[in-house]
Amino acid sequence: MDYAVLDQEELFQLALQAMESQQHAEAVALLKQGVRNDGEDARLRYLLGAEYAQIGLFDRAAAEMEQAVALQPGLVMAVFQLGLLHLTQGLPERAEQAWQGLDALAADHPLQLFRQGLSHLIRDEFADCRERLMLGIAANQAAPMLNEDMKRILEQIDAQQSAVPETEPAAGGSAGTLLLRGYASSGDDKLH
C-alpha cells in the first residue's frame with residue numbers, strides 16, 4: 001500500500017490498530033510515513049518511539065520520544081515514558097531529568113505517583129516504591145496497559161526481595177536499577 005496517500009489522522013489511527021495487533025512492521029511503516037509527512041507531529045513521534053521500544057530499538061525509541069517531548073512538552077505520557085525508557089536502560093539520572101516535565105501535574109495524578117514510586121525504586125526504598133505505585137495504579141483509569149507495566153515492576157520487586165536478604169547489597173549497582181533492567185529485557189514489556 002502507498003502510505004503517502006493517507007493523511008495524518010488516517011496514519012495515526014491505522015498505526016494504533018497495527019500496534020494493538022502487534023503488527024510491528026506495519027506500525028513502524030505507518031508512523032515513519034507520518035513523520036515524513038509532518039516532522040512536527042509529536043503524537044506520531046511518540047508512538048514511533050513507543051514502537052521502537054517495543055521491538056528493542058532503544059536508542060531510536062529515546063530519540064523519537066525526546067523529539068516528541070521537545071515538540072509538545074505537555075504530552076505527559078511521552079514525558080513519563082521517556083523517563084521510564086531511560087530508567088530501564090540503567091540511566092536513572094536521565095530518567096529523573098526527563099520526569100521534570102511532569103512537575104506541573106497534580107500530586108495525585110497517576111503519572112506523578114508512578115514517577116514518585118520509580119524514584120523510590122532508584123533509591124532501593126521498596127516500601128515507599130510499592131505504596132506510590134499502588135496509589136498510581138488505583139488512580140490510573142486512562143492507561144490500563146501502564147498499570148500492567150507497574151504491576152510487573154511490583155512483581156519483580158517481590159521476586160527479588162524474596163530471593164535476596166534485605167541486608168545484602170545488590171552486586172553491580174542498585175537493586176532498583178537491576179530490577180528495571182530485568183523488566184526492560186523480559187521480552188514482554190510494553191512502553192505505551
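Trainee: Buried means under 20% relative accessible area, exposed over 50% and partly exposed in between, with a 1.4 Å probe and protein chains only. As what does Arg45 count?

Mentor: Arg45 counts as buried, because its relative accessibility is 13%. Please note that this is a predicted model: local features need pLDDT of at least 70, side-chain atom pairs count only at pLDDT 80 or more, and totals for chains, interfaces and linings use all residues. Residues are numbered from 1 along each chain as its sequence is written, and side-chain values use heavy atoms, leaving out hydrogens and water.

Trainee: Where is the place of Arg45?

Mentor: Arg45 sits in helix H3, residues 42–54. Helices are DSSP runs (H or I, at least four residues), numbered from the N terminus.

Trainee: Which residues does Arg45 touch, not counting those up to four places away in sequence?

Mentor: Arg45 touches Val35, Gly39, Glu64, Met65, Gln67, Ala68 and Leu71, where contact means heavy atoms within 4.5 Å. A polar atom of the Arg45 side chain lies 2.9 Å from the backbone oxygen of Gly39.

Trainee: Changing topic, at what angle do the axes of H7 and H9 cross?

Mentor: The axes of H7 (residues 110–122) and H9 (residues 144–163) cross at roughly 20° and come within 12 Å. Axes are lines fitted to C-alpha atoms, for helices over the stretch in contact, with angles from 0 to 180 degrees between N-to-C directions. H7 and H9 are therefore roughly parallel (an angle under 35 degrees).

Trainee: Which residues of H7 and H9 make the contact?

Mentor: Leu111, Phe114, Leu118 and Leu121 of H7 meet Leu146, Asn147, Met150, Ile153 and Ile157 of H9.

Definitions and conventions. Helix = DSSP H or I, 4+ residues; strand = E, 2+ residues; numbered from the N terminus. Parallel < 35°, antiparallel > 145°, perpendicular 65-115°, else oblique. Polar contact = N/O pair within 3.5 Å; in protein donor to acceptor, adjacent residues only side chain to side chain.
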